[in-house]
Amino acid sequence: MQQIALKIISKINHKFMAKKLQNIKAIKQMIEGTHRTQTKNNVGMYTGKTHQIRKVGEKWEETINGTLYEIEQRDGYRVKKPKNSIAAEVKSYLNSFPNCSKDCTCTNPTHLDKKMRVLHGMCFDCVIEMENELRKQGKFEEYERNRIRNNATAWLERAENDVKMLKEAYTQSSKFVQNSEGDVETWHAKMTPQEFEETVEKQFNEFKEKFLKNIEEKLSKVDKISYNKLKENKNDK
């Protein structure tokens, strides 16, 4: 009886190991792209191309169910995305530097490049080159004045919008559903529109006036520096 039991156990172990080896072999074939499920022809809208063994990083195009896809072979798996994707085009544009020169070599943007992209649409190195070219042409002071004025105007517009939002929040009552039974809770306004205008808006308008005055003083300093440089250049001649 003991010998029969040992034979049965031996057969079970043999079948288990054989199945385990088959699973390991199947996984290895799937990673390589040579598994039978990956190499058979599919019936339908698929082009009928058989899967090839691809190198990691290799890219190609395939039409699947009438849609053209870009496929990339990664280490052990593949990434598939529609070629003519609007989202991909928008993302590509937002991550691009449309105003850079044709000779630009910015392939790995730093935080400075990303900051300059928002402001100028070009990388940091191209901004430096552009500003140096403006200095050679004698146009840098005008460029600097416009840059200071535009930055100040944009900041003030954002601040004015914040004040408008505050006015709505502080001068209007709001009603909220408090629980599942439908009870309504009312949050009363913290001040009247007139009180808001006499305090918050008045203080903001005073700040705005001082802010614009400081900007004009800065611009006048830039103009003075520009005038002195122009005068020195004429004296040198």
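Six bridges connect strand E1 with strand E2 (residues 67–73), and the two run antiparallel. Two strands are taken as paired if DSSP finds at least two bridges between them. Helices (H or I, at least four residues) and strands (E, at least two) are DSSP runs numbered from the N terminus. Ile64 has Thr67 in E2 as its bridge partner.

The open sheet consists of three strands in the order E1-E2-E3, with antiparallel pairing. E1 (59–64) and E3 (78–82) are the edge strands; each has a single partner strand, so one side of each has no neighbour in the sheet. From one strand to the next the twist averages 30 degrees, where axes are lines fitted to C-alpha atoms and angles run from 0 to 180 degrees between N-to-C directions.

The model is predicted: local features need pLDDT of at least 70, side-chain atom pairs count only at pLDDT 80 or more, and totals for chains, interfaces and linings use all residues. Residues are numbered from 1 along each chain as its sequence is written, and side-chain values use heavy atoms, with hydrogens and water left out.

Seven helices and five strands make up the chain's elements, in the sequence pattern α-α-β-β-β-α-α-α-α-β-β-α. Chain totals are tabulated below.

| Quantity | Value |
|---|---|
| Buried residues (under 20% relative accessible area, 1.4 Å probe, protein chains only) | 16% of 237 residues |
| Contacts (heavy atoms within 4.5 Å) between residues 24 or more positions apart | 24% of contacts with a separation of 6 or more |
| Accessible surface (Shrake-Rupley method, 1.4 Å probe) | about 19700 Å², 53% of it from carbon and sulfur atoms |

Conventions
Buried < 20%, exposed > 50% of the residue type's maximum accessible area, 1.4 Å probe, protein only.
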